[in-house]
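Please read this briefing with the sequence and the structure side by side. The points below are grouped by topic.

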Amino acid sequence: MTNGKVTHRVEGPDGQGPEPEGVDLGRVWVGVAAQVWRRRPAAVERLAGHLFRSPGLARALVTTPSLLLGWVIATAVVLLAGLLATLSTGTPYVALLAPAVAAAGIAFAYGPGIDPAWELSCSTAVSDRMVLLVRALAVFGVNAALGLAASVASGTATAVTIGWLVPMTAVCALALAAATVARSANVGVAAGLLGWAVTVLSGQVAAGRLTAAVTDTALWPAYLAFAACCAAIVLYSTRTLKGTS
């Protein structure tokens, strides 16, 4: 073994020489699984395990990339910047930033390319949908709580607070649907951010206000309907993932 690679000297079809070196994916996967599962559960994980009655589901939840401390700190910093901008300009930037931040977080609740526990969650007795639902709700809850705290601190009206929670739901649903279909968290992030940018710019063009996307109540039914469609896509996409990946 050299630098994590397992070399195989196997004669080629013509018997004249060895085939190219390869990677023993089975051995690599065993190493990844051991790295994720070998640590002792912390207090939060033990609490989640008792709550869900599933140690596997608890481990999948606490190892979600977007729920780790670094991501939460980054989210708080982004919303703090929005809060300061809101206080200085009077424009509710928290309401405009929160859906984008939450969409990125939700996308990273599902991503086999970046999530160390994704394959493990697919191999447990807990259904893929349950793991995805718990993680998505947790990510959405953390982002919503941070946004609400920033909104209260900035004195934003209740209507605006509710206004950005509704589009946040739609944008998060879009990000999760894209990540689920593409099986890539990065694709989900790109779809969510692009979708929200288009929505904000469209509101600017149509109403002449940058904040129209979160203050126009006429858009709320459209947001909710779109979120429902994206949720249906997620349910359809996860119906046969168990045991096929």
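What pattern does the protein chain follow, read along the sequence? The pattern is α-α-α-α-α-α-α-α-α-α-α. The model is a predicted one. Its secondary structure comes to 11 helices and 0 strands. Of the 245 residues of the protein chain, 41% count as buried.

**Helix H4**

- Thr75, Leu79, Gly82, Leu83 and Thr86 are the buried residues of H4.
- These residues lie on the same side of H4, because they cover an arc of only 105° around the axis.
- An α-helix has 3.6 residues a turn, so residues three or four places apart point the same way.
- The other side of H4 has the exposed residues Leu69, Gly70, Val77, Leu84, Leu87 and Ser88.
- After H4 comes Gly90, which has a positive phi, near 85°.

**Helix H11**

- Helix H11 has 18 residues (220-237), which at 1.5 Å a residue should span 26 Å; this agrees with its end C-alpha atoms, which are 26 Å apart.
- Buried in H11 are Trp220, Tyr223, Ala227, Cys230, Val234 and Ser237.
- Their arc around the axis is only 105°, which puts them on the same side of H11.
- Pro221 and Tyr236 are exposed, on the face of H11 turned away from its buried side.

**The largest pocket**

- The largest pocket holds about 410 Å³ of space.
- Its lining is made of 16 residues, and those nearest the centre of the pocket are Leu133, Ala136, Leu137, Leu176 and Ala231.
- Helix H7 (128-153), helix H8 (158-182) and H11 are the elements that give two or more residues to this lining.
- H7 gives the most to the lining, with 7 residues.
- By type, the lining divides into 14 nonpolar residues, 1 polar and 1 charged.

**Cysteines**

- How many disulfides does the structure hold? The number is 0.

Key: Residues numbered from 1 in each chain as written. Predicted model: local features only at pLDDT ≥ 70, side-chain atom pairs only at ≥ 80, totals over all residues. Heavy atoms only, no water. Helix = DSSP H or I, 4+ residues; strand = E, 2+ residues; numbered from the N terminus. Expected span 1.5 Å × (residues − 1). Buried < 20%, exposed > 50% of the residue type's maximum accessible area, 1.4 Å probe, protein only. Arc of directions from axis to C-beta. 1 Å grid on protein atoms, 1.4 Å probe; cavity = no way out; pocket = protein on both sides within 12 Å on 5 of 7 lines; lining within 4 Å. Points joined across faces, edges and corners; volume = space filled by probe spheres on them. Nonpolar A, V, L, I, M, F, W, Y, C, P; charged D, E, K, R; others polar. Disulfide = S-S within 2.5 Å.
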